[in-house]
Amino acid sequence: MWKTVIRRILIMIPQLFILSLLIFILAKQMPGDPFTGLITPETDPNRIEELRIKAGFYDPWYVQYYNWITNAAQGDFGQSYTHEKPVASIIGDRAEKTFALALFSVILVYLIAIPLGVIAGRYHDTFVDKTIVLYSFISFAIPAFVLYLIFVFVFGYRLMWFPTSGTVDVSLDPGTWEYYWNKFYHLLLPGISYAILGTTGIIQYLRTEIIDAKTMDYVKTARSKGIPMKKVYSRHIFRNSLLPIAAFLGFTITGLLGGSIFIESVFAYPGMGKLFIDSILSRDYSVITALVMLYGFLALLGSLLSDIILSIVDPRIRID
Amino acid sequence: MANKNKKTVENFKSESSPPTGIQVVLREFKKDKLAMFSFLGIIALMVAVFVIASWIIDKEAVMKINLIERFTEPGVSGYILGADEAGRDMFGQLIIGAKNSLLIAIAITILANVVGITLGIIMGYYGGFIDNFFMRIIDFFITLPTLMIIIVVVTIVPKYGITELIFIIAAFQWMSTARLVRSKALSEARRDYISASKTMGTSDFAIMFKGLLPNLSSLLIVEVTLNFAGNVGIETGLSFLGFGLPPSTPSLGTLISYAMNPIILSSKWWIWLPASILILVLMLGINYVGQALRRSADAKQRLG
């Protein structure tokens, strides 16, 4: 077990190195530099030049890369030029909101997907099954941003059930019970629409798994020993089919984080995805590099997590 | 008498030979009316969009700014679907946008799949070092946050237009195809007919593309169809965020992105809703056809 985990972690190191190099090269190619935004008719060109030299703009690229990566490893991604704050503190603030949304959605994904998958598999080829299959097909085919917009339009503007943007009403005092309720209330609509898109894979997997299990020997044995079918489902099939679902966790989390760009743009939710789009528009390249690096790292971490869970659940995966 | 006998033998033969390729697909579509309907509907929709956009609509007239007519409601003064902020006809923009989005998605699909399939077959056929080398690269790139990197690349490219957009997206789309084709080609290349070809002295190139490729065709049709749907989604998504086509060339994504303005989203539905519905119809239709094709490619799941 541990051998597989350690080997898997060791593979991650060169991957992270290549990722950082790739992102650094991309960032260097960006047109203009962070200081072009500061130039107004009144600014002294020499002052801008001074800033550039101070920021190490004319060093050879490998020196710049070395400085950047050694600082980044210590959590220092430099200074954001548009926000005039350390990048780490800006991202930290936004990351909390993105993670809150992602966590809430992951819980919802499992709450929606597991019952639907189990029901569809158990009542295979009935009306209920066909409805669930149709639902999972639509949630698979619909583009994320179209779903979000329609949800905001219908539930936010037409029915007015939910707020349409932000994370909390400004009028409320932090710390009060109402404040937290309001925060949760703002999370509901993005969270639900986010979760709907994440359920497809789990539903389909559980459904086919349970349909396959019906004809397996262990189910026949259990039946012939006189166990009622209800118990066979809840004790035998459910447990066997559910374990691999745990392995979806890593991919679900990375999928949700990757989708944060769309959801945060549509719901005007000030998380990392929105920060990324804003930073691209203002050419704040220290923030961009830090964000892409972070997302890449989280994606690698997600696939690591899934592989580890899978190797715990399914011993056949452990290759030595 | 002898003639009649011969005929029955022929009949018997044609009935017992397993249906292949296109026959299976046809049977599946005959059985699944909704898939048939989706397929014909998508084709009809695409043809209509191309015909109207190329011959009937005057692009200059559609894109002309006319501020007096801004936010005209649908049906008023000759605007079938109303007008946008600058008084441009929404119906014309919708059709031109759909044409642009579809053309870009088709180009990306062709480009990415040609690269993906070729590489996948080469990897699967040769195996060994070539296979390992490319698999390492693919495994790495597949875990990357693709959308973010595409956006970064889009902002870097100096002369940015439709061709550049197609190449940038295609550069990140060939990997999953290559991986899938490789896994199938790997097992297919160990079959007897491939070994027989090798013994006969057929060149590797001929074996790969005349022997192996046709045997993967059922899988490839499914892959290409589903990729096409995915590529429509990626292009419109990028345009929606403002990193796809420039606003002067409408795409379904740019039309929907007008909804980022809360006033338009809440009270000017005719600007963004038709494009959203069109995308929805396209995606559902193409994906449904793709699933029917997938079923016909797998004997276990066939309905017909």
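Q: How many helices and how many strands does chain B have?
A: Helices here are DSSP runs of H or I with at least four residues, strands are E runs of at least two, and both are numbered from the N terminus. Reading along the sequence of chain B gives the pattern α-α-α-α-α-α-α-α-α-α-α-α-α-α. So, with those DSSP runs, the tally for chain B is 14 helices and zero strands.

Q: What goes into the numbering and the model itself?
A: Residues count from 1 along each chain as its sequence is written, and chains are lettered from A and ligands numbered from 1 in the order written. This is a predicted model, where local features need pLDDT of at least 70, side-chain atom pairs count only at pLDDT 80 or more, and totals for chains, interfaces and linings use all residues.

Q: What share of chain A is buried?
A: A residue is buried if 20 or more other C-beta atoms, placed from the backbone, lie within 10 Å of its own. Chain A has 14 helices and two strands. Of its 320 residues, the buried share is 31%.

Q: Which elements of chain A give two or more residues to the side that touches chain B?
A: Residues are in contact if their C-beta atoms, placed from the backbone, lie within 7 Å. The contact draws 32 residues from chain A and 30 residues from chain B. On chain A, the elements giving two or more are α1 (2-28), α5 (127-141), α6 (144-158), α12 (260-266), α13 (272-281) and α14 (285-313).

Notes. Contact = placed C-beta atoms within 7 Å. Buried ≥ 20, exposed ≤ 12 C-beta atoms within 10 Å, placed from the backbone.
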